[in-house]
Each structure stands twice: as C-alpha cells, then as structure tokens.
Amino acid sequence: MYQCIACRGDLIDESPSTKICSHCGNIYPLINEISVFLLPDVFSSLQGFIIEMEETKSSFAKINDNLEDFERYSEPGILANRIGMIKKGMASNLDVLEKSCQPIMDFLQNCSGQDNTLAWGSVRSGFSFHDMLPYFYQDWFGTHDFADVKNLFGKTITEHCKDRESVAVLGAGACGLLHSIADNFQVSYGVDLSLPTLLTAKQFIEGEPLTYHLQKADWQKVELTPPESTTKNIRYIASDVMNMPFKSASLSVVVTQYMLDIV
Ligand SMILES: C[S@@+](CC[C@H](N)C(=O)[O-])C[C@H]1O[C@@H](n2cnc3c(N)ncnc32)[C@H](O)[C@@H]1O
C-alpha cells in the first residue's frame, strides 16, 4: 500500500514497528500505531514537534511572569479570577501538550540522529498542537459547524462515491471528519503533518476523554467525551500532503476540508 516518499521504492518490514525502503534505505517508523512518513530525516523531524512544544511552554512562561508582575503591582483582587483562569488553563494545556509528545520523546530516546534545522522546519504547518485545540472542540463538542460539515461530506459520498474501498482525509487534524465518514469505506486514512495532533485524536477516538482549556473562550474548561467504540477501520499517517506515501491510483477517494487553501 505504501511506498517510499523519497524515491518511490517499495517498503519492506524491518521490524513490526519499522518499514525501510528497499531501494534507498529510508526508514519509516510506527509510533503508537501511527505511520510516520517525514522527510528529510525522520529523527530530526520528530525533534521539531518537541521544539514546538518547548516554544509553547516558554511563551506560556512569559505570560505567567507578566501576570505575576501585574498581580504584584496592582490592587489585590483586580482581575484575580481572570488571571487565575489563565494560569490554570495554561498549566492544564501544558499537561495535554506533554502527554501528546510523550510517545515521540520515548521514541527519540531510543534512537540517535543529528540535529538538522531543515528537518525541524519541515514539520511546521503553521498550526502548532496548541493551535489545534479549538478544532477538537469544533469536531467533538456537537457544534453546528461540524454537523454541517458531516452532512455535506456524508451526502456527497453517498451520492457520488461508487468505489468504497479506501478514503484519505487530508489535514485530518482532530479527525472528526475522518471518524464521521469512516463507516462508508473499508479502510480510512487520516493524514496530517502534526504527529502530536494525530496521537491525541487517535487516543481520543479509541476511548480516552480529553480535557483542556480553550484560550479563545476565556480559558474555560472543555471536557470532550470520546465517541462510542465502533469497528471502523481507521489508519493514521503523519505526512506532508504534498508528498504522501500512497501508491498511484491506490485510493478510491480523497477528501479535505482545509488543505486547498492552506497548501
Ligand atoms: C485548520 S486545521 C483543521 C483540521 C481538521 N479539519 C479539523 O477539523 O481538526 C488544518 C490541519 O492541516 C494540517 N496541515 C497543514 N499543512 C499540512 C501539510 N502540508 N500536510 C499535512 N497536514 C497539514 C495541520 O496540522 C492541521 O491539523
């Protein structure tokens, strides 16, 4: 099904958790059952996600310092509730971020690679994992927006897709769309550049509740309940949509909600 994204060579299983290109030797690991197809070099690309998390951490630390300065020099009680919400929200979201990156850190601990800034840059999509948290709300909190998306895609598939073997959702993000159309196909692939986002979406879809604070809603707490477990055959792929591992003509349908205007 997959091919090397560097040379289009065939892949062979080097171990249950690693595929290797039979032609150029490029390595493609599986992290928590998510296939990782990143160039130019998987090890330093993965470090990009850790660096992204560290950047969010340090921006939160700066905000925290500023809030503490404000509290020190202002009258007691002024904006105390609001400041408390922000601090609590940031701390709780950092936990979510760290959890999402834990499988990546575990993987990196067991392998050696060289720092490569170009590779870090290749995983930057303009959406950090923290930027993606509102999309988890949109996809999984029963919003009208998502109901419209689900109806539109569901109706289009019913009317126009004769071949129901496989679908790929590009820029799958929080994976609400992927999950909602997966019943229509024998196998459904969720493709996104952000591995932390896919790790979180997969864990959620497989039954783990997700709690975080929504910055855009004054840092209010959001508790998302996973969908009922089903027999949907979903596979997750961390890859740039501009260079995916699918063999030519191997998919029945490709759908995307945002990729046409993002890429
Ligand atoms: C606006 S978000 C929406 C995602 C999804 N539709 C949802 O509701 O959660 C766009 C998504 O596209 C992903 N993305 C951006 N550029 C990408 C690229 N070149 N290849 C793969 N994914 C990309 C981001 O990581 C992000 O998850």
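These notebook entries record what I looked up in a predicted model of a protein with its ligand.

**Entry 1: the ligand site**

I began with the surroundings of the ligand. There are 19 residues around it, and Ala 174, Asp 192, Asp 240, Val 241 and Met 259 come nearest. I then looked up polar atoms facing the ligand. Asp 192 places a polar side-chain atom 2.7 Å from an oxygen atom of the ligand. For Gln 257, I noted a polar side-chain atom at 3.0 Å from a ligand nitrogen atom. Leu 193 takes part through its backbone: one of its polar backbone atoms is 3.1 Å from a nitrogen atom of the ligand. I also recorded the cover: on its own the ligand has 600 Å² of accessible area, and the protein covers 96% of that.

**Entry 2: helix H2 against helix H4**

I turned next to helix packing, which is described by the angle between the two axes and the distance between them. Helix H2 spans residues 80-109 and helix H4 spans residues 129-140; their axes lie 11 Å apart, at an angle of about 105 degrees. H2 is therefore roughly perpendicular to H4, as angles of 65 to 115 degrees count as such. On the H2 side I listed Asn 93, Val 96, Leu 97 and Ser 100, which meet Phe 129, His 130 and Leu 133 of H4. Sorted by class, this contact has 4 nonpolar and 3 polar residues, with no charged ones.

**Entry 3: helix H2 against helix H7**

I repeated the reading for helix H7, residues 195-205. The axes of H2 and H7 cross at roughly 110 degrees and come within 9 Å. This angle makes H2 roughly perpendicular to H7. H2 contributes Lys 99, Ser 100, Cys 101, Pro 103 and Ile 104, while H7 contributes Leu 195, Pro 196, Leu 199, Thr 200 and Gln 203. I recorded 6 nonpolar, 3 polar and 1 charged among the residues of this contact. Ser 100 of H2 is listed in the contact with H4 and in the contact with H7.

**Entry 4: backbone geometry**

Which residues does a cis peptide bond join? I found Leu 39 and Pro 40, with omega at about 0 degrees. Pro 40 sits in the loop that runs between strand S4 (34-37) and helix H1 (42-73). Asn 32 belongs to the loop between strand S3 (27-31) and S4. I logged these features because most residues other than glycine have a negative phi, and most peptide bonds are trans.

Key:
Residues numbered from 1 in each chain as written. Predicted model: local features only at pLDDT ≥ 70, side-chain atom pairs only at ≥ 80, totals over all residues. Heavy atoms only, no water. Axes fitted to C-alpha atoms, helices over the stretch in contact; angles between N-to-C directions. Helix = DSSP H or I, 4+ residues; strand = E, 2+ residues; numbered from the N terminus. Parallel < 35°, antiparallel > 145°, perpendicular 65-115°, else oblique. Contact = heavy atoms within 4.5 Å. Nonpolar A, V, L, I, M, F, W, Y, C, P; charged D, E, K, R; others polar. Near = heavy atom within 4 Å. Polar contact = N/O pair within 3.5 Å; in protein donor to acceptor, adjacent residues only side chain to side chain. Areas by Shrake-Rupley, 256 points an atom, 1.4 Å probe, with all protein chains shown as cover.
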